[in-house]
Amino acid sequence: LRFVSHDLRSPLTLISARAQMLERSAEDPDGVRRNAQAILRSIRQMNTMISDLADSVRLEFGGALAVRPRTLDLIALLSEVIERWKETPEGDRIEVRLPDSMPPVCADPDAFERVLANLMSNALKYSPDEEKITVSAAADEVEATVSVADRGPGIPPEDAGRLFERFFRSESARKHHDGLGLGLTISRALVEAQDGRIWVETELGHGSVFSFTLPLSPSNTRS
């Protein structure tokens, strides 16, 4: 509760401060835009934290996350999600490497966006400001794989195996970044609810690659 209280107050403090700055910068269009963007980022951050907390409690008491998989064009879905992210202040740091075509997948579009958004947000947060992240996708006979690669510091081996644990945050993450330690736990639950897998490949000094799979639409799988 102490960590949750602190982490939820952090974006609220920023929202309050930026709102005051916004009030004072009414005659400065650029200042108004910067402050409004900061407020919106903090609101999104709080909304994610609250959703993660609610889902974490549901999982703790044996509940399941609701997903409604259906046949989807993965490239179109990826492009749509990333296009929205391109409109954010850090959007120009996102590189996309997608094949010309891929077979349809069976997935819940809202759950897919939530997982991808969490992985991209983490990649941007832990990479140096001038470095880009890369989103890519590929498919084999039974599943599609989506990967998010960063150029950050990498993750120590003793932490890498615990990343998907509830409330786990490395010492470095606790010192330098806000968060509840629930994003990857919820992402794993959402991926597994869609019959997929999620994992990380990382090397100290060389960044990390988080990947998750989605099953192909039944009409496109080969026996």
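Predicted model: local features only at pLDDT ≥ 70, side-chain atom pairs only at ≥ 80, totals over all residues.

Reader: Which residue reaches to the backbone nitrogen of Asp 110 at the start of helix 4?

Author: That residue is Asp 108, which brings a side-chain oxygen to within 2.8 Å of this nitrogen.

Reader: How should I read the strands, and in what order do they form the sheet?

Author: Strands of a sheet pair through backbone hydrogen bonds, either parallel or antiparallel. Here five strands form an open sheet in the order 2-4-5-7-6, and the pairing is mixed. At the edges are strand 2 (94-97) and strand 6 (198-203), each of which pairs on one side only. From one strand to the next, the twist averages 20 degrees. Helix 4 packs on this sheet, where it touches strand 2, strand 4 (133-139), strand 5 (143-149) and strand 7, and the direction of the helix makes about 25 degrees with that of strand 5.

Reader: How many bridges join strand 7 to strand 6, and how many pair it with strand 5?

Author: Strand 6 and strand 7 run antiparallel and are joined by six bridges, while strand 5 and strand 7 pair, also in the antiparallel sense, over seven bridges. To find individual pairs, look at Trp 199, whose bridge partner in strand 7 is Ser 211, at Glu 203, whose partner there is Gly 207, and at Ala 144, which is partnered by Leu 214. The hairpin of strand 6 and strand 7 has three residues between the strands, and in this hairpin Gly 205 takes a positive phi near 85 degrees.

Reader: Is strand 7 mostly covered or mostly open?

Author: Strand 7 is mostly covered, since eight of its nine residues are buried. Phe 210 lies in this strand, which spans residues 207-215, and with a relative accessible area of 10% Phe 210 counts as buried, because that value is under 20%. Beyond its close neighbours in sequence, Phe 210 is in contact with several residues, including Leu 119, Val 148, Ile 155, Phe 164 and Trp 199. Phe 210 and Ala 123 are 87 residues apart in sequence, and their C-alpha atoms are 8.9 Å apart in space.

Reader: What does the side chain of Ser 217 make a polar contact with?

Author: The side chain of Ser 217 makes this contact with the side chain of Thr 71, at 3.1 Å. Ser 217 lies in the segment after strand 7 and is buried, with a relative accessible area of 4%. Leaving out residues up to four places away in sequence, Ser 217 touches Thr 71, Pro 104, Val 105 and Cys 106.

Reader: How many helices and strands does the chain have?

Author: The chain has seven helices and seven strands, and buried residues make up 42% of its 223 residues.

How values were computed
Residues numbered from 1 in each chain as written. Heavy atoms only, no water. Polar contact = N/O pair within 3.5 Å; in protein donor to acceptor, adjacent residues only side chain to side chain. Helix = DSSP H or I, 4+ residues; strand = E, 2+ residues; numbered from the N terminus. Buried < 20%, exposed > 50% of the residue type's maximum accessible area, 1.4 Å probe, protein only. Contact = heavy atoms within 4.5 Å. Pairing = 2+ DSSP bridges. Axes fitted to C-alpha atoms, helices over the stretch in contact; angles between N-to-C directions.
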